[in-house]
There are 2 protein chains.
Amino acid sequence: MVVKSEIKHIRNLQQKKYRTQSGLFVAEGIKTVSELLKSPFNPYKIYSTDESLLSGLLAETAMVSPAELKQMSSQQTPNKILGVFYIPEARALDFSDWILVLDSVGDPGNLGTIIRLCDWFGIRHLVCSPGTVDCYNPKVLQATMGSIARVNIVYQDLEELLVQAPVPVYGAFMEGLPVYGQSLPPAGMLVMGNEARGISRALSESIINRIGIPQYGGSSTESLNVAMATAILLNELRRPTQT
Amino acid sequence: MVVKSEIKHIRNLQQKKYRTQSGLFVAEGIKTVSELLKSPFNPYKIYSTDESLLSGLLAETAMVSPAELKQMSSQQTPNKILGVFYIPEARALDFSDWILVLDSVGDPGNLGTIIRLCDWFGIRHLVCSPGTVDCYNPKVLQATMGSIARVNIVYQDLEELLVQAPVPVYGAFMEGLPVYGQSLPPAGMLVMGNEARGISRALSESIINRIGIPQYGGSSTESLNVAMATAILLNELRRPTQT
């Protein structure tokens, strides 16, 4: 049983404004909530329709009815559990390994998928331009499948970061050199651009190493979706050079 | 101006049953409709709110109001043009190049993305099990961004296909051998499985070559989304072996 004002507070956290004000965000579903509870993320309060999911948790908990959960949820068919967590402070970047950088990726599903790819390929640091969709957006979180717990996500201005970078900076461009021919260093930054516009012109000036994924069999005006291109380029960074 | 029964007919085509009965499907948006009009797909009738988009088309056309377009459309904000096309007959498979095979891929966005990847990587033939989502589903078509015009999609039973395959059959498995170490042949079939269950047990028996994408830095119970895994494996098939 929860009071109406509490439900309203949780619903408000679907909006970035309220997340920023309160320093809290909402995660939904057994998979994502359990991954966050196992991680350094701190829970604020966990709600569930199923008492067994709450027992033993080192967090404030509350039982809710399915109707209450639905009122709190951003999803059409909420999945048993909803957790409110503190937004963690971003950790300092570690330049000893590859860092992924996103310039204004706008689609929540794309960002969520990219976070999941970072987790798979062991990319521990993800830098997002302020114009990139918020990683605590409910649709992003849903697409990360809990992998957000294992990636340090930093929102910051990219121009300064790239200019001062202590490692080589690579960027994905339609007209970039085929990634296959590159001998990629063991550490660097890889910049991926916006879905429609690619990497912004201002930022492009700081990127000397322009790489791309050749379209098989010829050139075309088509492009790969940014999440697909990220999957392929992270695989190229991580695949052993001796095959 | 269109009559109500015509609008109803077009709305019905959002359902597979009506598409199968009529042999027609609906494509929406300037990008997808124009790609289909440039392809061997045959238009049945094209509707638009913008007369300039219809002029010169070698097809039956009709002007509609924005309200009528919205009534016809599967989208919340329809994009100026909607085309009804004949479902093409599937062409015979060409085993001289790689063929992608999907075993019960259920998510329309995943199938649409995979069709787009086939187009990018020059995979001309895509075989789907009968349990795979219909490629003329509106959500699939939206995700293909028109690339469906360039891929031959065949729905058929996979067991017989794989048993009789005149080329080596590869399958993506969580526990498969790292794809990086394989010397892949110039032609073959690559099977991708269902989002939750992977490749079905019955089908697995026909697949000798089991490959996978190693998770960087260790093993985990996580998996890559099927569209991401397809992106990476098609890139591996197509990347030059000399880097």
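In strand E9 of chain B, B:Leu190 stands opposite B:Tyr170, and the strands E8(B) and E9(B) pair in the parallel sense over three bridges. Two strands count as paired if DSSP finds at least two bridges between them; helices (H or I, at least four residues) and strands (E, at least two) are DSSP runs, numbered from the N terminus. This is a predicted model, in which local features need pLDDT of at least 70, side-chain atom pairs count only at pLDDT 80 or more, and totals for chains, interfaces and linings use all residues. Residues are numbered from 1 along each chain as its sequence is written, while chains are lettered from A and ligands numbered from 1 in the order in which they are written.

**The six-stranded sheet of chain B**

- E8(B) also pairs with E10(B), in the parallel sense and over five bridges; here B:Gly171 has B:Arg210 in E10(B) as its bridge partner.
- These strands belong to an open sheet of six strands with parallel pairing, in the order E7-E6-E5-E9-E8-E10 (chain B).
- Strand E7 (152-155) and strand E10 (209-212) of chain B stand at the edges with a single partner strand each, so one side of each is left without a neighbour in the sheet.
- Neighbouring strands of this sheet are turned against each other by 35° on average, direction ignored. Axes are lines fitted to C-alpha atoms, for helices over the stretch in contact, and angles run from 0 to 180 degrees between N-to-C directions.
- Strand E6 (residues 125-128) of chain B runs parallel to E7(B) and is joined to it by four bridges; B:Cys128 stands opposite B:Tyr155 in E7(B).
- Helix H10 (residues 226-238) of chain B packs on the sheet, where it touches strand E8 (169-178) and strand E9 (189-192) of chain B. The direction of H10 makes about 165° with that of E9(B). Residues are in contact if their C-beta atoms, placed from the backbone, lie within 7 Å.

**The four-stranded sheet of chain B**

- A second open sheet, of four strands with mixed pairing, has the order E1-E4-E2-E3 (chain B).
- Its edge strands are strand E1 (24-28) and strand E3 (61-63) of chain B, each of which pairs on one side only.
- From one strand to the next, the twist averages 15°.
- E1(B) and strand E4 (residues 81-86) of chain B run antiparallel and are joined by five bridges; B:Val26 has B:Val84 in E4(B) as its bridge partner.
- Helix H3 (residues 30-37) of chain B packs on this sheet and touches E1, strand E2 (43-48) and E4 of chain B. The direction of H3 makes about 35° with that of E4(B).

**Helix packing within chain A**

- Helix H6 (residues 108-120) and helix H10 (residues 226-238) of chain A pack at an angle of about 10°, with their axes 9 Å apart.
- That angle makes H6(A) roughly parallel to H10(A). Angles under 35 degrees count as roughly parallel, over 145 as roughly antiparallel, 65 to 115 as roughly perpendicular and the rest as oblique.
- Among the residues of H6(A) in this contact are A:Ile114 and A:Leu117, and those of H10(A) include A:Thr230 and A:Leu234.
- The residues of the contact of H6(A) with H10(A) divide into six nonpolar, three polar and no charged. Ala, Val, Leu, Ile, Met, Phe, Trp, Tyr, Cys and Pro count as nonpolar, Asp, Glu, Lys and Arg as charged, and the others, Gly among them, as polar.

**The two copies and their contact**

- The contact takes 23 residues from chain A and 23 residues from chain B. On the side of chain A that touches chain B, the largest share, five residues, comes from H10(A).
- The residues of that side of chain A divide into ten nonpolar, nine polar and four charged.
- Of the interface residues of chain A, 96% are also interface residues in chain B, so the copies meet through the same surface.
- H10(A) and H10(B) pack at an angle of about 55°, with their axes 9 Å apart, which makes H10(A) oblique to H10(B).
- This contact is made by A:Met228, A:Ala231, A:Ile232 and A:Asn235 of H10(A) and by B:Met228, B:Ala231, B:Ile232 and B:Asn235 of H10(B).

Conventions
Two residues are in contact if their C-beta atoms, placed from the backbone, lie within 7 Å.
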